[in-house]
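Colleague: I am new to this structure and would like to go through it with you. Please put it on the screen.

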Amino acid sequence: MIRRIARIAVGAAVTGAAAVALWTGPAAAQDGGADAALVARGRYLAVAADCAACHTAPHGGKPFAGGYGIASPLGSIYSSNITPSKVAGIGNYSESQFAAAVRDGIRGDGAHLYPAMPYTSYARLTDADIHALYAYFTQAVRPVDTAPPATRLPFPFNIRASMMVWNALFLDGTRFTPDPARSAQVNRGAYLAIALGHCDTCHTPRNAMMAEIGGKQLGGATLGTWIAPNITPDPVSGIGDWSSDDLFRYLKTGDVPGKAQAAGPMAEAIEHSFQYLSDDDLRAIVAYVRQVPALRNAAETRPRDAYGAISNGEALQRGVAPASLSNGARIFTGDCAACHRPTGTGSQDGYYPQLFHNSATGAATPDNLVAAILQGVDRTVGGQHVFMPGFAHGSYVDELSDQDVADVGNYVLSQFGNQAVHITASDVATLRAGGPRPLLARVGGYIVPAIVALAVIILTVIIIMVRAGRRIRRPA
Ligand code: HEC
Ligand code: HEC
Ligand code: HEC
């Protein structure tokens, strides 16, 4: 039952998503000197934690004014207005109330927040960082006096105190403490990666209770349509064959030629957050990622970015009557080859990537290849817009059916990628339906556990009632 609810929650969470632009035009700090430095630090942390993504309504909502509806099967959970408005926001919050909301999930009025607000990650934030965030939100964010829609979940989910059960299970309230056995750089990276909810949220698989599986850190996890791959240092299943510079470049730009490009939720994370991190912080994350325990999937024999080679398949087919080409080859020629070149080499300047030695075509699962064909790539980094159109319904380019996507995907795999992988039309249908839109993939990571926790509570209540019933029926 828990699994089923979780799946329903993922399905529901994917609908109605919309991209939220990161607001980058904060008001100036009111004081100069030390305060300005503190506020600047708070702003940096807010970007690193991507508070704006959830706390800004889609389609031009005012920055941090809340109202982003996170869909759940029980109704939407709306993010709060966290501008310093005294009537609609957190203008009356003391610093300790702010700290309690962000780290313990307890609102100013004492009510429990749903874990759609990722306080279980933020619980590790240091006092100094909470102080800086508080300074930023109270001094440099413009107050907005409109209240977001109220969250109204049906009974018993509207009893916020029920989140105490979830907290007892999953909230580890210990603040981040550096591990003396690790370097300062690795500790900094761990803090950024874990406390600010960065990498583990998506790349660590979850168990049936939707809690991250301890021994599988960064071992890869499905987010619906996209897969966040294994990024442990294993040279076959992970990214052990990447250099530190490769990983740094990927986090900064989303493109490492001959290895991987970032689309979907990863592109969002880079676009809204990682690209703005200092080089030192990115290097720290790299150092941290490179020392987690390596995890190997025994079925894999070669790194996913080491498959395929230049193909002349398409060139050979030129002059062949289109009717005699396979459906996949025909679609590749018409819809892909203009950018990725008939030989799969991509463009010389690298703007259009090569399709061989590409993690999307060499992976043991075709999910990210199918996802890229359906949703395309849309990433703006450092002012440069990287764009590939998606071929799903509603695209301005050719709309491809499930069978078409499977055919062109299989053509790409056979010409440039992992030939052991095969895509069926029903695989495509599943991925098409399960596809979280980028931001919600991330939000889903939080909302699903909340729903599961509530399901557990209901189960517990039912069990208690059944037991009580038995006791009553039992003859004296
Ligand atoms: C994944 C989405 C998400 C992210 C990221 C996020 N929040 Fe939230 N936050 C929420 C939601 C949803 C609520 C409302 C939850 C509820 O009503 O139970 C909330 C509530 C809050 C509240 C409670 C305010 C009130 O009075 O209701 C504060 C304070 C807050 N967030 C601050 C932050 C800060 C600061 C950050 C960045 C460090 C942040 N949030 C990042 C989703 C998010
Ligand atoms: C919102 C979810 C999300 C977050 C947060 C996230 N990732 Fe990813 N990551 C993904 C997805 C999805 C992909 C696959 C993207 C694609 O193939 O286009 C990916 C791909 C990658 C890859 C490329 C792997 C390959 O072989 O293609 C690396 C490296 C990576 N992520 C590192 C990180 C690190 C380090 C962090 C934390 C700083 C992080 N990611 C945070 C979702 C996420
Ligand atoms: C208009 C040009 C264009 C067309 C047409 C196009 N692509 Fe792309 N493709 C791109 C760009 C741009 C990227 C991303 C480059 C980057 O991230 O730096 C990309 C990325 C990819 C990736 C890597 C995605 C990832 O997440 O790792 C794959 C696989 C891919 N394309 C396959 C295809 C296939 C198959 C087709 C035809 C169905 C196709 N492309 C059509 C421009 C195009």
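Colleague: Among contacts between residues at least 6 apart in sequence, what share join residues at least 24 apart?

Modeller: That share is 67% in the protein chain, where a contact means heavy atoms within 4.5 Å. This is a predicted model, in which local features need pLDDT of at least 70 and side-chain atom pairs count only at pLDDT 80 or more, while totals for chains, interfaces and linings use all residues. Residues are numbered from 1 along each chain as its sequence is written, chains are lettered from A and ligands numbered from 1 in the order in which they are written, and side-chain values use heavy atoms, with hydrogens and water left out.

Colleague: What is the mean pLDDT of the chain?

Modeller: The mean is 83, and 79% of the residues reach 70 or more; pLDDT is the predictor's confidence in each residue, from 0 to 100. Over residues 1-31 the pLDDT is below 50, although this stretch has 69 contacts in the model beyond near neighbours in sequence. Residues 435-443 also have a pLDDT below 50, and that stretch has 30 such contacts.

Colleague: How many helices and strands are there, and what percentage of the residues is buried?

Modeller: The chain has 19 helices and eight strands. These are DSSP runs numbered from the N terminus, with helices being H or I of at least four residues and strands E of at least two. Buried residues make up 51% of the 476 residues, where buried means under 20% relative accessible area, exposed over 50% and partly exposed in between, using a 1.4 Å probe and protein chains only.

Colleague: Which residues of α17 are buried?

Modeller: They are D404, V405, A406, V408, G409, N410, Y411, V412, L413 and F416. As background, an α-helix has 3.6 residues a turn, so residues three or four places apart point the same way.

Colleague: Turning to the ligands, which residues are closest to ligand 1?

Modeller: The closest are C51, C54, H55, Y93 and M117, among 24 residues that surround ligand 1; a residue is near a molecule or strand if one of its heavy atoms lies within 4 Å of it. Helices α3 (51-55) and α4 each supply at least two residues of this shell. By class, the shell has 18 nonpolar, three polar and three charged residues. Here Ala, Val, Leu, Ile, Met, Phe, Trp, Tyr, Cys and Pro count as nonpolar, Asp, Glu, Lys and Arg as charged, and the others, Gly among them, as polar.

Colleague: How far is the side chain of Y93 from an oxygen atom of ligand 1?

Modeller: An N or O atom in the side chain of Y93 is 2.5 Å from an oxygen atom of ligand 1. For the side chain of S80 the corresponding distance is 2.7 Å, and a polar backbone atom of Y114 is 2.8 Å from a ligand 1 oxygen.

Colleague: And ligand 2: which residues come nearest there?

Modeller: C199, C202, H203, M266 and S359 come nearest, out of 27 residues around ligand 2. The side chain of R304 has an N or O atom 2.8 Å from an oxygen of this ligand. Helix α10 gives the largest share of the shell, three residues. The shell divides into 21 nonpolar, five polar and one charged.

Colleague: Which element gives the most to the shell around ligand 3?

Modeller: Helix α14 does, with four residues. Of the 25 residues around ligand 3, C336, C339, H340, R379 and M388 come nearest. A side-chain N or O atom of H340 is 2.8 Å from a nitrogen atom of ligand 3, and a polar side-chain atom of R379 lies 2.8 Å from an oxygen atom of the ligand.

Colleague: Where does Q261 come in?

Modeller: A backbone N or O atom of Q261 lies 3.2 Å from an oxygen atom of ligand 3. A backbone N or O atom of Q261 also lies 3.2 Å from an oxygen atom of ligand 2.

Key:
A polar contact is a pair of N or O atoms within 3.5 Å; within protein, one must be able to donate a hydrogen and the other to accept it, and residues adjacent in sequence count only if both atoms are side-chain atoms.
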